[in-house]
Amino acid sequence: MQASDLPTVKLPSGESVPQLGLGTWHMGENGRKRAEEVAALKLGLDLGLTLIDTAEMYGNGNAEEIVAEAVRGRRDQCFIVSKVLPENATKAGTIAACERSLKRLNTDRIDLYLLHWRGRPKLEETLAAFEALAASGAIRFFGVSNFDVDDMEELFKLPGGASCASNQVLYNLPRRGIEASLLPWCRERAIPIMAYSPLEQGRILRNRVLTEVAIRHRATTAQVALAWVLRQPDMMVIPKAATAAHVRENRAALDMKLTGQDLGELARAFPPPKGPRPLELL
Ligand SMILES: NC(=O)c1ccc[n+]([C@@H]2O[C@H](COP(=O)([O-])OP(=O)(O)OC[C@H]3O[C@@H](n4cnc5c(N)ncnc54)[C@H](OP(=O)(O)O)[C@@H]3O)[C@@H](O)[C@H]2O)c1
């Protein structure tokens with residue numbers, strides 16, 4: 001598949017973004033790894049994975065600086081997601097946090113700005129900040145992260161809340177809880193889910209069933225885990241990979257088609273939820 005043919009997901013605005021993106025949590029925490037992290041992100045961009053997820057929290061802001069370095073010279077081709085911490089999410093605090101993120105990202109706009117998770121500040125306050133930031137052009141869209149159904153319902157009742165562009169949540173083979181209620185709720189309203197930790201941070205990669213499926217496809221367990229999430233065409237997926245080999249491998253997961261047999265075996269090993277359960281987070 002050519003970079004221009006890679007699958008995309010439509011945001012409520014109608015804009016399309018790549019279905020597979022690049023995560024950055026834990027980047028910028030160790031100066032000696034910086035060059036390799038920048039190179040991994042640049043390779044991802046070369047391969048067409050132009051959706052980059054970061055946050056003011058990651059590496060205390062250093063991850064945003066790594067993103068800035070990676071996108072230098074091709075900012076317009078990239079869709080940058082960043083997040084405000086709940087403790088900063090008052091109206092003035094969100095605007096100030098966004099200004100700091102813009103500086104570190106060395107850009108004039110964040111494409112999608114998320115509330116990282118719910119905290120003490122009232123949602124109305126954060127929404128008012130998002131509105132002001134969108135009006136000034138500092139952000140293009142806003143969204144949320146780690147919002148369960150009750151949080152989404154509250155958000156949608158507030159003026160402007162229904163303009164939320166995405167909900168970024170934990171979703172992978174062993175963490176299928178959202179399938180019972182949050183995922184259908186978002187689908188009914190065409191709010192795309194952005195699945196984080198799709199590899200369960202590497203903890204599932206030695207699973208026996210994943211290994212058996214991977215062997216049949218002459219692929220790796222990471223590719224099977226990603227292909228399993230990516231088979232849902234309305235979901236964005238943001239694995240973090242800090243090495244060139246992992247980035248290439250993850251990109252190739254887009255070419256993989258799981259069979260009915262694969263999906264059956266995976267569903268037995270990682271069963272869907274039997275009913276609604278509280279949203280898990282990492
Ligand atoms: N909104 C939130 O609250 C929230 C929470 C968690 C994560 N996130 C976002 O989602 C992104 C992804 O989640 P995550 O970083 O928690 O976990 P993840 O993507 O599930 O796993 C990352 C781990 O998997 C390894 N890995 C990547 N590709 C691999 C491959 N092909 N083969 C073997 N190992 C591979 C990485 O190693 P290397 O680094 O060595 O390549 C890293 O150790 C984050 O970076 C962040 O941007 C958001």
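Buried, in this talk, means under 20% relative accessible area, exposed means over 50%, and partly exposed covers what lies in between, with a 1.4 Å probe and protein chains only. By that criterion Asp-262, at 0% relative accessibility, counts as buried.

Some conventions come next. The model is a predicted one, in which local features need pLDDT of at least 70 and side-chain atom pairs count only at pLDDT 80 or more, whereas totals for chains, interfaces and linings use all residues. Residues are numbered from 1 along each chain as its sequence is written, and side-chain values use heavy atoms, with hydrogens and water left out.

I turn to the salt bridges. A salt bridge here is a side-chain nitrogen of Lys or Arg within 4 Å of a carboxyl oxygen of Asp or Glu. Under this rule the count is 22.

The buried Asp-262 has Arg-216 as a salt-bridge partner, with 2.8 Å between the closest N and O atoms. Because Arg-216 lies in helix 7 (residues 208–216) and Asp-262 in helix 10 (residues 260–269), the pair ties together parts that are 46 residues apart in sequence. Helices (H or I, at least four residues) and strands (E, at least two) are DSSP runs, numbered from the N terminus. Arg-216 itself counts as partly exposed, at 38% relative accessibility.

How do these two helices pack? Two packed helices are described by the angle between their axes and the distance between the axes. For helix 7 and helix 10, the angle is about 170° and the axes are 9 Å apart. Helix 7 is therefore roughly antiparallel to helix 10, a label given to angles over 145 degrees. Axes are lines fitted to C-alpha atoms over the stretch in contact, and angles run from 0 to 180 degrees between N-to-C directions.

Contact means heavy atoms within 4.5 Å. On the helix 7 side, Val-209, Leu-210, Val-213 and Arg-216 take part, and they meet Gln-261, Asp-262, Glu-265, Leu-266 and Ala-269 of helix 10.

A second pair is Arg-140 and Asp-111, whose side chains form a salt bridge at 2.9 Å, N to O. Arg-140 sits in strand 6 (residues 139–145) and Asp-111 in strand 5 (residues 110–115), 29 residues apart. Asp-111 is buried, at 2% relative accessibility, while Arg-140 is partly exposed, at 33%.

Finally, Arg-203 and Glu-200 meet in a salt bridge at 3.0 Å, N to O. Glu-200 is buried, with a relative accessible area of 6%.

Terms used. Parallel < 35°, antiparallel > 145°, perpendicular 65-115°, else oblique.
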